[in-house]
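Hi everyone, thanks for making time for this.

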Amino acid sequence: MYLHLGQDVLVKTSDVIGIFDMDNTTVSKHTRAFLAAAEKAGRVVSAADDLPKTFILCGRSRADCRVYLSQISSATLRKRTGFIENISNV
């Protein structure tokens with residue numbers, strides 16, 4: 001199954017490691033440092049015209065890890081993947 005991130009960008013749901021809200025997670029200096037390092041390494045893909053609301057971490061190994069920026073809220077993306085159902089059963 002594929003997840004639409006906006007701007008004609010699709011990723012396999014099996015490759016999704018995490019979906020993160022930008023407002024809540026970028027408060028941490030560690031998250032900001034991670035995103036800066038990913039940008040410097042050329043591993044950031046923007047699927048947003050405006051300010052992104054969410055970043056999505058995808059990949060099967062450290063070498064092919066990508067960070068996608070999206071204008072779609074993290075809650076909406078989680079619902080689209082079905083991950084929210086798995087979390088509610090815990």
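**Starting from helix 2**

Let's begin on the outside: the face of helix 2 that is turned away from its buried side carries the exposed residues Lys29, His30 and Lys40. Please keep in mind as we go that this is a predicted model.

Now for the helix itself. Helix 2 runs over residues 29–40, which makes 12 residues. From its first C-alpha to its last it reaches 16 Å, close to the 16 Å expected at 1.5 Å a residue.

Which residues of helix 2 are buried? They are Thr31, Leu35 and Ala38. These three cover an arc of only 60 degrees around the axis, so they sit on the same side of helix 2. There is a handy rule behind this kind of pattern: an α-helix has 3.6 residues a turn, so residues three or four places apart point the same way.

And what do the buried residues of helix 2 pack against? Their partners are helix 1 (22–25), strand 4 (44–47), strand 5 (54–58) and strand 6.

Have a look at the two ends as well. At the start of helix 2, a side-chain oxygen of Ser28 comes to within 3.2 Å of the backbone nitrogen of His30. Just after the helix, Gly42 takes a positive phi of about 75 degrees.

**Into the cores**

The largest nonpolar core has 12 residues in all, among them Leu3, Leu5, Val16, Ile19, Ile56 and Leu77. Strand 1 (2–6), strand 2 (9–12), strand 3 (16–21) and strand 5 are the elements that give two or more residues to this core. There is also a second, separate core of eight residues, and it includes Leu35 and Ala38 along with Phe55 and Cys65.

If you click on Ile56 and skip its neighbours within four places in sequence, its contacts include Leu5, Val16, Ile19, Tyr68, Ser70 and Leu77.

**A serine and a threonine**

That brings us to Ser70, in strand 6 (residues 66–70). Is Ser70 buried or exposed? Its relative accessible area is 0%, so Ser70 is buried. What lies 2.7 Å from a polar atom of its side chain? That is the backbone oxygen of Leu5. Beyond its close neighbours in sequence, Ser70 is also in contact with several other residues, including Ala47, Pro52, Thr54 and Ile56.

Thr81 counts as buried because its relative accessibility is 12%. A polar atom of the Thr81 side chain lies 2.8 Å from the backbone oxygen of Arg78. Not counting residues up to four places away in sequence, Thr81 touches Leu3, Thr13 and Ile19.

**One salt bridge to finish**

How many salt bridges does a search of the whole structure find? It finds one. The side chains of Arg60 and Asp15 meet there, 2.9 Å from N to O. Arg60 lies in the loop between strand 5 and strand 6, and Asp15 in the loop between strand 2 and strand 3, so the pair ties together parts that are 45 residues apart in sequence.

Notice how the two partners are placed. Arg60 counts as exposed, at 60% relative accessibility, whereas Asp15 is buried, with a relative accessible area of 19%. The cut-off for buried is under 20%, which is why Asp15 qualifies.

Notes:
Residues numbered from 1 in each chain as written. Predicted model: local features only at pLDDT ≥ 70, side-chain atom pairs only at ≥ 80, totals over all residues. Heavy atoms only, no water. Helix = DSSP H or I, 4+ residues; strand = E, 2+ residues; numbered from the N terminus. Buried < 20%, exposed > 50% of the residue type's maximum accessible area, 1.4 Å probe, protein only. Polar contact = N/O pair within 3.5 Å; in protein donor to acceptor, adjacent residues only side chain to side chain. Contact = heavy atoms within 4.5 Å. Expected span 1.5 Å × (residues − 1). Arc of directions from axis to C-beta. Core = buried A, V, L, I, M, F, W, Y, C linked by side-chain atoms within 4.5 Å. Salt bridge = Lys/Arg side-chain N within 4 Å of Asp/Glu carboxyl O.
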